[in-house]
Amino acid sequence: MQSESAQEQSGLVARLLNLALPVAALIIALVAMYLGFDFLRAGSAPKWLIVLVAIVWGVGGVAALYWILNWIVERMNLKWRGRLQPFVFVGPAIVMLMWFLAVPVLRTFWLSLFNRDGPPIGWLNWSDIGGSFASLSGRFVGLDNYVAVFTDRLMREAFRNNIMWIVFGATLTVIVGLLIAVLADRSSFERVSKSAIFLPMAISFVGAGVIWNFIYEVRPVDVPQIGLLNAVVVGLGGKPQPWPAWTAISPWNNLFLIVIVIWLQVGYAMTLFSAALKGIPADLLEAGRVDGANEIQIFFRIMVPYIMGTIITVSTTVVIFTLKVFDVVWVMTGGQFGTEVIATQFYRQSFTARNSGYGSAIAIVLLIAIVPVMIYNLKQFREQEAF
Amino acid sequence: MGSIQNQRRWGSLLVNIGLLLLVLFWTIPTFGLLVSSFRTRESIQASGWWNVFPHRAYETVATLSPAEMGLDPTGPMVIEGVETTFEEMRKTGITTPDGTFYRWVGNRRIGRVEIQEQSWTVDWDFTLDNYRQVLSGKNFEYKQPDGTIKVIPGDNFISAFLNSLAVAVPATVIPILVAAFAAYGFAWMNFPGRRMLFIMVVALLVVPLQLALVPILRDFRSLQINGTFMAMWLAHTGFGLPLATYLLFNYISTLPRETLESAFIDGASHFVVFRKLILPLSVPALASFAIFQFLWVWNDYLVALIFLGGSPETKVITQRLADIVGSRGNDWHLLTAGAFLTMLLPMIVFFSLQRFFVRGLLAGSVKG
């Protein structure tokens, strides 16, 4: 009898321990993380120490969280373990994606229906529903922000410029990328040339802005030019110009900004095209040559159709990229001189003018422009057998 | 036969020259920046960076007084039988029949006439001062041409460099960890909603992050983490996750099924398989995405502008550089040095791990 109850007791203790241990571990982990958080937020230690703690705390904390959650799940019985373990693996990613991308789409749309004051906080008060709607009435503007987006002078300028960015920027990136891939494939210095053209991909937009600002630098007529482009122009007998700020040729001064992004992105296009070209079977090209096709015919009749899939992929990626272009314009001209684009207008309205309703409407328009690409991606994904 | 070979040779020459021109167009801008960053403040302002190469320039061999030469700059002047004006003398100079080149230097009233000769020369007045000033947080004194001393604060790039590291390292490792777990879950576990959730990942691949900025900023403000590194890690993790999950899923789902199954038969749990088998096998894919994300975070300006704000304590390196562009856009000696410093680490990463980077590009996009 006695031994039985002792056994029962120890069984209970074990079960309690079984329950308490994971909870305790979780609490300890959370407290440790909070202490690290507080240390970082205070920020009074030397910088290198903060950086070190930040790295250890940030990376270690996330790893520990996974480990503890998994440890808890693995202590459960087989049925629950099978049910919950996938969510230990996938859950954090889903939560982050929801928080940072999926839900903000809806929240931004909601914000876009209000004026600069935004929706009143906690506006739906059930005991005073009339008052709630009264506080809403001045702020809720429906689709007015969207009307403004399509009629505002600066927004129209931004749309025009973004179309220029796509027509010239995206197209030239694809064409030049393809040209370089074909040339490099036949040249005697393929590796070096590809590295050189790829390198700008490691440079930030701000850095690229400085590099090209320096090339476009303009000096008065009677002193030596220190900007490369103006030095060449003056050397050829022309007049120095402030290229991206040259309003007389507006909107073509945008081209001087577009060149920068082409310079940055061609490496990406070239890399993908180069790999695709190397995938073309040699017999196919040889057969074309035996049939008497010249190199240009081979390029347009065999190579281009063969790598069409890659051309579409690169084009969509580059188009999305040029639609979102911000840093280069912001650093080079700040959107002045007729170079405003959608993303700079978004930033100006949301954060400088603090009109979150208008800014959100611009963001939603940007999303709508990208939706066709999203649908195309999903269709491609469905056609894959992988899932 | 010979003509075809000839044609081939010409074709290959054309290909190489065309490519060389393109390569020059791609490298000269960066090269000019690098050279300029080592030139002194005065020489950057006075002449183009290409003057570091041998070039012909005028050098003064003798200085003459206009009064002694009997010249009156207010009207037409005659030197050695050549008629000229003050404007022409100052702007282009004149050459007399015996080949001597005269030029007016200075203004009309107290200027002088110099005899100059063309000779080969290089402008090699290199210095490390630009880097010193950009890197340090101390004050620097400049002697201006008129003799006054101007004090300019350093730009403290060392501090910004550390901040960039503190942002970029966790903002690279955390999304990789989160995405690797998720990719494994999607590839090797079965659970309700698996397909729908993955479709969401694919859809979110192209959502512009602009959509998220305003709502997330509000969340960060209410959590009181706006302006901290943690806000940056969270934001970059969220924005980087779709691509990370997608890339890693593509890789992890193609690992051989037998390897995993034999591990499960031996009694290993999912967690153990993930840690001991999947992570080591996925190193190439993890490295590709790591480079991607690191370059993206290091070079980012917009996210830092919004979530780190304007506090000088936490500014990352792109913000510092953009600050100089905004406030001292003509200080090319600082801009060039600063820009090169921001590029230094990405370039090292890029050149040492280029292979992985290219592989990541191909894996992410050929399918996408």
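**Figure 1. His55(B) and its bridge partner.** In this predicted model, where local features need pLDDT of at least 70, side-chain atom pairs count only at pLDDT 80 or more, and totals for chains, interfaces and linings use all residues, His55(B) has Thr121(B) in strand 6 of chain B as its bridge partner. Residues are numbered from 1 along each chain as its sequence is written, while chains are lettered from A and ligands numbered from 1 in the order in which they are written. Strand 1 (residues 55-64) and strand 6 (residues 112-121) of chain B run antiparallel and are joined by nine bridges; two strands pair if DSSP finds at least two bridges between them. Helices (H or I, at least four residues) and strands (E, at least two) are DSSP runs, numbered from the N terminus. How many of the 10 residues of strand 1 of chain B are buried? The count is zero. Here, a residue is buried if 20 or more other C-beta atoms lie within 10 Å of its own, exposed if 12 or fewer, and partly exposed in between, with C-beta atoms placed from the backbone.

**Figure 2. The largest nonpolar core.** This core has 183 residues. A nonpolar core is a set of buried Ala, Val, Leu, Ile, Met, Phe, Trp, Tyr and Cys residues joined through C-beta atoms within 7 Å. Helix 5 (residues 157-188) of chain B brings the largest share, 19 residues. Val328(A) is among the residues with the most contacts inside the core. Leaving out residues up to four places away in sequence, Val328(A) touches Phe205(A), Ala208(A), Gly209(A), Leu257(A), Ile260(A) and Val261(A). Two residues are in contact if their C-beta atoms, placed from the backbone, lie within 7 Å.

**Figure 3. Where chain A meets chain B.** The contact takes 96 residues from chain A and 99 residues from chain B. On the side of chain A that touches chain B, helix 3 (residues 78-111) of chain A gives the most, with 19 residues. That side divides into 66 nonpolar, 22 polar and eight charged residues. Ala, Val, Leu, Ile, Met, Phe, Trp, Tyr, Cys and Pro count as nonpolar, Asp, Glu, Lys and Arg as charged, and the others, Gly among them, as polar.

**Figure 4. A look at Val192(A).** Find Val192(A) in helix 7 (residues 190-198) of chain A. Is Val192(A) buried or partly exposed? Val192(A) counts as partly exposed because it has 13 C-beta neighbours inside 10 Å. Between the C-alpha atoms of Val192(A) and Phe140(A), 52 residues apart along the chain, the separation is 59 Å.
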